[in-house]
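Visitor: Please take me closely through one part of this protein, the nonpolar core, and the strands that surround it.

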Amino acid sequence: MNKKISILFVLIFAIYSCADDEPSYFFDFGEEKQFRVDEFYSDRSESLVFEIADISDSRCPTGVVCIWEGEARVEIVLSSPEIDTLELSTHDQITATSGDYTFELIDVSPYPDIDNPIDFEDYRVKMKITK
């Protein structure tokens with residue numbers, strides 16, 4: 001019985017390991033990468049561990065005329081090498097630094113559309129992290 005469970009586990013692991021759409025929770029310094037909200041990410045040596053904890057999006061939706069373009073704000077919570085919170089903005093703060101690490105905000109997607117509400121878990125944050 002245990003042998004069957006072990007074989008089943010190996011097969012399931014192999015199938016999920018080959019999936020192209022499976023997100024990678026590792027990133028490489030100096031390269032742009034898309035990050036999901038409420039997921040933990042790490043460099044390969046695990047010297048930096050963080051999550052995208054919150055996104056507030058007040059950008060003017062497609063299909064609407066606005067006085068101000070608005071902004072998307074991204075809250076990043078670091079858990080290693082030290083506990084810290086950073087905030088990036090598409091309007092006035094595209095970079096933020098904690099210790100030796102600099103986070104650069106490239107994009108927040110999807111862009112708001114008046115006819116298509118965005119679920120929080122559908123947001124993606126494109127960033128480049130340098131050391």
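Guide: The largest nonpolar core has 23 residues, and those with the most contacts inside it are Phe-50, Ile-52, Val-74, Ile-76, Phe-103 and Met-127. Such a core is a set of buried Ala, Val, Leu, Ile, Met, Phe, Trp, Tyr and Cys residues joined through side-chain atoms within 4.5 Å, where buried means under 20% relative accessible area with a 1.4 Å probe, protein chains only. At least two residues of this core come from each of strand 4 (49-57), strand 5 (72-80), strand 6 (84-89), strand 8 (101-109) and strand 9 (124-130); strands are DSSP runs (E, at least two residues), numbered from the N terminus.

The model is predicted: local features need pLDDT of at least 70, side-chain atom pairs count only at pLDDT 80 or more, and totals for chains, interfaces and linings use all residues. Residues are numbered from 1 along each chain as its sequence is written, and side-chain values use heavy atoms, with hydrogens and water left out.

Leaving aside neighbours within four places in sequence, Phe-50 is in contact (heavy atoms within 4.5 Å) with residues including Phe-27, Tyr-41, Ile-76, Phe-103 and Met-127. Tyr-41 also stands opposite Phe-50 in strand 4. Strand 3 and strand 4 pair in the antiparallel sense over three bridges, pairing being assigned if DSSP finds at least two bridges. These two strands form a hairpin with five residues between them, and Glu-46 in the turn has a positive phi of about 60°. Strand 3 (residues 40-43) also runs parallel to strand 1 (residues 26-27), joined by two bridges, and Phe-27 stands opposite Asp-43.

Note on methods:
Buried < 20%, exposed > 50% of the residue type's maximum accessible area, 1.4 Å probe, protein only. Helix = DSSP H or I, 4+ residues; strand = E, 2+ residues; numbered from the N terminus.
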